[in-house]
Amino acid sequence: MSSPEATKPDMVLPHDHKPELPSSAEATNAITPRTPSTHRHWRFASDIFLLICIICMLLWPWVFFGVVKARNGVQMSNELSEKVARHPHQVGAIVTFIGTINRLIATLLFGKAVVRLGQEIIATNSSQDSPQATVFGISALLAFRHMTLVWGVRQWKNLVQGFSRLAVVALLLASLAALALIPSGTANLITPVEFNKTADLRGTELDFTSADPECIAFLGRSQLTNLCDWKTYHNTQFTTCLGENQIMDVLDSGRANMLSVIGIHNETSSLNQLSAEGGIKFLGSARGVLPIGPDGVPAFNSLETSSNPFTDPDIRRGMVSHNYTLTQQGLETNVSCSYDPTSPIAFEGIENSTMVIATYGSCDAAMGVEPVTNEVLFYPTVNGNNTLTYWTCKELQAPGSIDPTYFIYLRGRVNYRTSIGNITCRVSPMRSREFNVDYHSSPGYFSSRATNTSGALSERSTYPPFTDWILVAFGNLMWETQNWASHLVAEAVFSMGTKNLNVSSFEPSDTHLRLFEAMIQGILEYGATYSRLVYSIGDNPPQTCSRAVTGHVSYSVRGWFIDNPASQVGLLIPGLLINASSLLLLLACFIIGQFRYTYDLDVTDSMSLLTAFVVDRAGVKSDTKEWGNKVKYDPKSGV
């Protein structure tokens, strides 16, 4: 029979029980130890990531500053530029947001570097089983980590008594001030603005002062004639004469030049027949210049592509405005008119016609003049009551003179005999000279000014047929602007004098002479411009017929620009100091700790502070919180 003990079931002693599993909350709050290898690798990877972030924060503003400054501004894309222009308030909000984010990241990285420095200092100054730090040290770490004042008003008296404590507080205040300036420095750096860029321009045009035989032969083949026809050049149609469809441009050029007589200097002439898109506007007259460049006559835009921003479609579309200046060849003229009791102009009837008469003149060599050309024998004109007739001669050139002086004769018939009579206009040597031709995109017009304000002309003679045929073409314009009722040139002069200067149009006047001078000068200068165009459509001009055109362009674009480098550097210094301090603190951690990672303890963390207690100088737990007392932590809270 078995013993009772053998059949007795296992007894469970009261104190022998199975371990209970922790609750989910307890499992969450519990600290899971890492193995030494995993712990070290994770800490090392965290430090390297922190180092990379600090270096990026330290460098990106200065790299951005350097790139923008080195490139003299960075233009944004056309699409982005349009959005910036349409939504300026939203752009300001985004820039402010980026500046705030930049400050928050700098604050976070600085706090992390402070925590790491605290870890290494505590590991160095503490025993292996009891990490500790002073009460003031902990409060200082808390203040720098969260970048806020953690001391109450009552504690300020004790803080300022010690130099080291006062230095810490001053350093904290300086850091707060630096962080406050980071958003403004960032915003000033990345805010898109409108700024100007410049580039050199180079091109070519015909030179009417060349003495090369090959060039003179080319000009002879390409000159104006009395036969008006159409010619295609670079897919554009041009007339090969100055009259017919050019009349409105001619009159507008003369009108704009007359406005200067009455004190108006801001009116433009519209030269629509130069085949530019929308026409070309000149402030005053064209001065004999054929404008090239992106806003000149498209068929004659001879600007080189190198360094020319207009050849880049993206840059051109992104231009807000642009102004450019080219040094081009024009024609200098000076017209002075006077009333004359006699005139070389005569009239002769045309066979089988009483409505049209022939106008011709004599250029008497005994008077020191000769015909401009022998190809024009007379000009037909209307035999009406308000008829204005025209003839021209040129002065016999004296030995050593460069260019001849021309004489324009006007003679009125019937009603114009009283109001105009006989007028003789002396045209000073029409000589080539250089003009600075400016284009202004905002008002959309060209203006020209002589390169030499002293008035010196070219020392080389201008190709004679060039100026001769301008005068001949002027004669064609004079009879083309004559109608049965009146003459358009004469009526433009009378209208300007009567409306603006209160001068009677029924009798001669010095005011009318000044207006005729300006009108004739404007017409001659437009004639020089269009004559240059006709010559330029000639086939294969030799190199000796070309002259260099130089200039520069200033254009406004939207993007990023450093207008005041010293000011921008000053605004970036606070961010530099904060991020450089973060870098130095982290490097100090590497040097002090030598990557041993003794404690994974954040002495400023609330969970770590709950396990800490204050001890007095004797090492005994104390309820008195003095700045010099030690704060001890449970080492297990940071392993």
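Residues are numbered from 1 along each chain as its sequence is written, and side-chain values use heavy atoms, without hydrogens and water. Because the model is predicted, local features need pLDDT of at least 70 and side-chain atom pairs count only at pLDDT 80 or more, while totals for chains, interfaces and linings use all residues.

Trainee: Why is helix 10 described as oblique to helix 15?

Mentor: Helices are DSSP runs of H or I with at least four residues, numbered from the N terminus. Axes are lines fitted to C-alpha atoms over the stretch in contact, with angles from 0 to 180 degrees between N-to-C directions. Angles under 35 degrees count as roughly parallel, over 145 as roughly antiparallel, 65 to 115 as roughly perpendicular and the rest as oblique. The axes of helix 10 (residues 247–258) and helix 15 (residues 510–536) come within 7 Å and cross at roughly 135°, which makes helix 10 oblique to helix 15.

Trainee: How many residues apart are phenylalanine 195 and phenylalanine 561?

Mentor: These two form a stacked aromatic pair, 5.0 Å centre to centre with 5° between the planes; rings of Phe, Tyr and Trp (its six-membered ring) pair if their centres lie within 6.5 Å, and planes under 30 degrees apart count as stacked, over 60 as edge-to-face and the rest as tilted. Phenylalanine 195 lies in strand 3 and phenylalanine 561 in the loop between strand 19 and helix 16, and their separation is 366 residues.

Note on methods. Helices (H or I, at least four residues) and strands (E, at least two) are DSSP runs, numbered from the N terminus.
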